[in-house]
Amino acid sequence: MDDTSRQVLQSLSARLRRARKLQKVINWFFRTQTDTARDTAKDRMRNMLTHDRLELPAGRLESLEEELIAVVSRYFELDKDTTKFDLEHYERRASLVANFRLLRSKC
């Protein structure tokens, strides 16, 4: 390896170290907060309010989730461990968001 190649390699290595440091600073600055007990309690309270506003009888949402899983399972093989349902609230409306991990089609 000649001197020019060595200098180019050292320069690239120094730039890479600076880029990694800058990436760490950016990650720290824009870091996402992990769920805390406060966030969990806030989500639960929001879900309770959504349930109340929708006037859902107890167990209705759970039966709806089971029916949705049964319908989607007719067409796709699902990973039931990762299937999630969330009630989300936008302004004064609620949305049921279903997240199915589809493993393969049955069609």
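**Entry 1: helix α1**

I began with R6 and D3. Both sit in helix α1, residues 3-29. Three residues separate them, about one turn of the helix. This is a predicted model, so I keep that in mind throughout. I then looked up accessibility. R6 is partly exposed, at a relative accessible area of 40%. D3 counts as exposed, at 53%.

**Entry 2: confidence**

The mean pLDDT of the protein chain is 83. I noted that 96% of its residues reach 70 or more. Where is confidence lowest, and where is it highest? It is lowest in helix α2, residues 37-54, at a mean of 79. Strand β1, residues 76-78, has the highest value, at 92. I wrote myself a reminder: where pLDDT is low, predicted coordinates should not be read in detail.

**Entry 3: the other salt bridges**

How many salt bridges are there? The count comes to three. Side chains of opposite charge can pair when their charged atoms come close.

I turned to E77 and R104. Their side chains meet in a salt bridge, at 3.7 Å from N to O. This pair links distant parts of the chain. E77 is in strand β1, while R104 is in strand β4, residues 102-105. They are 27 residues apart. E77 is partly exposed, with a relative accessible area of 32%. R104 counts as exposed, at 53%.

Then I looked at R101, which forms a salt bridge with D79. The closest N and O atoms are 3.7 Å apart. R101 lies in the loop between β3 and β4, and D79 in the loop between β1 and β2, so the pair ties together parts that are 22 residues apart in sequence. Is D79 buried or exposed? D79 is buried, because its relative accessible area is 17% and the cut-off for buried is under 20%.

**Entry 4: strands β2 and β3**

Last, I followed the strands. β2 covers 84-90 and β3 covers 93-99. Which way do they run, and how many bridges join them? They run antiparallel, joined by seven bridges. I picked out H89, and its bridge partner in β3 is A94. The hairpin of β2 and β3 has two residues between the strands. In this hairpin, E91 takes a positive phi near 50 degrees.

Note on methods:
Residues numbered from 1 in each chain as written. Predicted model: local features only at pLDDT ≥ 70, side-chain atom pairs only at ≥ 80, totals over all residues. Heavy atoms only, no water. pLDDT = per-residue confidence, 0-100. Helix = DSSP H or I, 4+ residues; strand = E, 2+ residues; numbered from the N terminus. Salt bridge = Lys/Arg side-chain N within 4 Å of Asp/Glu carboxyl O. Buried < 20%, exposed > 50% of the residue type's maximum accessible area, 1.4 Å probe, protein only. Pairing = 2+ DSSP bridges.
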